[in-house]
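Please have your viewer ready.

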Amino acid sequence: MSYKVVYAAIAVAFGAALTGMILNEGREWKIETNTTTNASKKTVWATLFHMKRWKDWNDVFHIDLDGEPELEKEIRITCHWPNNSTDTAREKITLIDPPHKMCWEYQEVPTWLLSTSRCITITDEVNSRDDAQENASEVTHSKPSAAGATGILKISNIEIFGGPLAPIVMALKGFVIKDGFRLFGEALAAKARSVEIDSIMTTAHEALEARA
């Protein structure tokens, strides 16, 4: 192959990349998964907030940080993806809103190349009796309380990507990232429920011992 052909191929690739940057300027891509649980918001938040303990109950995301999460604190997250690949990234915590939401952002490359913002939110799945009736087919296993809430929480994993590298990340890793988010959400819901069941069992055991 002649150098002219190589140079031409490089020029075409560069032109395509530049065109992609121009066309995708300002555009965002989003990955979102949702999981429901009947654990309390307090328990789900406590399980989420203690990030260093994530590795004890989920196989996807492991966190290294000094102390507890704080605003502007950097964390290192190791991602063990379902396809057996592994990524490690330096992130910065940007929002802590107990017991509702926590967010962090990617720090490895300039944001004009790739920006990411990941948030995990905990919200009420159904907020009123009217909503409960409208969504009866979706939440058939739960009855509205006197206040109108079903007692079901929604755990959302959301990551928003921007910059010229975002479509490349989405093309190469989008499906596996979404699958990892789904597995993490299911593990978080299961762990929170397990904590509450253990607490109930402990309380019952203590009550029995007190009567003996």
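Thr33 sits in strand β1, where strands (E, at least two residues) and helices (H or I, at least four) are DSSP runs numbered from the N terminus. Thr33 is buried, with a relative accessible area of 7%; buried means under 20%, exposed over 50% and partly exposed in between, using a 1.4 Å probe and protein chains only. Leaving aside neighbours within four places in sequence, Thr33 is in contact (heavy atoms within 4.5 Å) with Ile155, Ser156, Asn157, Lys178, Phe181 and Arg182.

A word on the ground rules: this is a predicted model, in which local features need pLDDT of at least 70 and side-chain atom pairs count only at pLDDT 80 or more, while totals for chains, interfaces and linings use all residues. Residues are numbered from 1 along each chain as its sequence is written, and side-chain values use heavy atoms, with hydrogens and water left out.

Now follow β1 (residues 28-37) to its partner: β1 and β7 pair in the antiparallel sense over 10 bridges, pairing being called when DSSP finds at least two bridges between two strands. Glu32, for instance, has Ile158 in β7 as its bridge partner. Strand β7 is also joined to β6, again antiparallel, by 10 bridges, and here Thr121 stands opposite Ser156. Of the 10 residues in β7, 8 are buried.

In β6 you will find Thr116, which counts as buried at 8% relative accessibility. On a 1 Å grid over the protein atoms alone, a pocket is an open set of points where a 1.4 Å probe fits, with protein on both sides within 12 Å along at least five of seven lines, and lining residues have an atom within 4 Å of a point. Of the 19 lining residues, Trp81, Ala89, Glu91, Tyr106 and Glu159 are the closest to the centre. By class, the lining has 12 nonpolar, 2 polar and 5 charged residues.

Finally, confidence: the chain has a mean pLDDT (the predictor's confidence in each residue, from 0 to 100) of 83, and 76% of its residues reach 70 or more. Over residues 128-149, pLDDT stays under 50.

Note on methods:
Nonpolar A, V, L, I, M, F, W, Y, C, P; charged D, E, K, R; others polar.
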